[in-house]
Amino acid sequence: MTPDTPRPGFSTRAIHAGQDADPATGATVVPIYATSTYTQEAPGKHKGYEYSRSGNPTRAALETCLAALEEGERGLAFASGLAATTAVLSTLKPGDEVAAASDLYGGTYRLLERVFKPWGLVVRYTDDPSPAGFARVVTPATKLAWIETPTNPLLQILDIAAITAIAHKAGALLAVDNTFASPYLQQPLKLGADLVVHSTTKYLGGHSDVVGGAVIGAGELLKPIAFYQNAAGGVPGPFDAYLTLRGLKTLAVRMDRHCANARRLAAWLTEQPQVERVFYPGLPSHPGHELAMRQMRDFGGMISMRMMGGGEAARRFLPRTRLFSLAESLGGVESLVCHPATMTHASIPAELRQARGVDDGLIRLSVGIEDADDLQEDLRQALASCG
Ligand SMILES: Cc1ncc(COP(=O)(O)O)c(C=O)c1O
């Protein structure tokens, strides 16, 4: 693209970025290059690919498309979201500090606490996710601030621009796990963040049939992460890259439907006597609603709710949904329900988890793109069993 060519719109990029017709055959859809190696004409004389851990054309297409969607210079694909997170953390040294908001995916917490802490990383968490709360856990040794927004599972909204300013003042980078929003709803790099991380397993893949991850950012910042990608080798295979790329093409239309369905269910849930509190940034009563309106296009497809009857009511509700499958993960076309305390966030010690609001009465919904009437009826009949 020359500087005076306008940037194509989001869906155009999702369908075309990195996806020119195949140079070898003209195939319109990027082929699955199922090869581990590439024949060279002479030693070192090749067409840009030598070995598929280092590079594969299907993965390259995915990486180009991911960068285009987040409006970053470069994207790197990994075998899972946690492999992507590990690659970012690998750029740090023992003794470096990470400042993180305490409401975050349980697997990220486990990685920080049980892999990187013993290795020498110092991690400081803030229960107060406001910029002021962050400022209290940033020190001169902080090299990286790590946030999710909306957070998993409490759907808190964090101020990306303000936290970037705090991180940069301390000489640290800000990495945003943008899994819950997707680049269609929120582009952290445009708000100042340095790195975006995704579990592409979720909305980007979109069909609950592939596990993957990604890191996107400026070329210079991604150099050590790209080195790690090849050196440590946690890359997706070409079939996984293809599935993710195929999912990306429909991201915008899927997200619009996820958001519309979730908006309607969240409002309805606030009126149900069995529900004590609904966590959804699209509700005007949500403390992060104004901020979400500023930094997001829409409010996403994730809802959490706290049951009036606590853990007992949650246990009655969870096996009774029929369309909402009781399962971990999120972001697929089908609706899922999960119990963070015993499922996605079970790796956080119970006392700490409860103190942070992830108690036994909390239920998380990943609202799919089925018909909203059917989803509402499913929740109605399951709630009816809770008295
Ligand atoms: C917000 C968030 N980040 C990262 C991950 C980890 O991704 P993966 O399961 O692809 O390793 C998850 C998984 O649930 C997640 O919800």
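Author: The buried residues of α2 pack against α1 (10-16), β1 (74-78), α7 (182-185), β6 (195-199), β7 (213-217) and α9 (238-248); helices here are DSSP runs of H or I with at least four residues and strands are runs of E with at least two, numbered from the N terminus, and two residues are in contact if their C-beta atoms, placed from the backbone, lie within 7 Å. This is a predicted model, in which local features need pLDDT of at least 70 and side-chain atom pairs count only at pLDDT 80 or more, while totals for chains, interfaces and linings use all residues. Residues are numbered from 1 along each chain as its sequence is written.

Helix α2 is mostly covered, with 12 of its 14 residues buried, where buried means that 20 or more other C-beta atoms lie within 10 Å of a residue's own, exposed that 12 or fewer do, and partly exposed anything in between, with C-beta atoms placed from the backbone. The buried residues include Leu-62, Leu-66 and Leu-69, and among them are also Arg-59, Glu-63 and Glu-70.

As for its length, α2 covers residues 57-70, and at 1.5 Å a residue its 14 residues should span 20 Å, which agrees with end C-alpha atoms that are 20 Å apart; the expected span is 1.5 Å times one less than the number of residues. After α2 comes Glu-71, whose phi is positive, near 55°.
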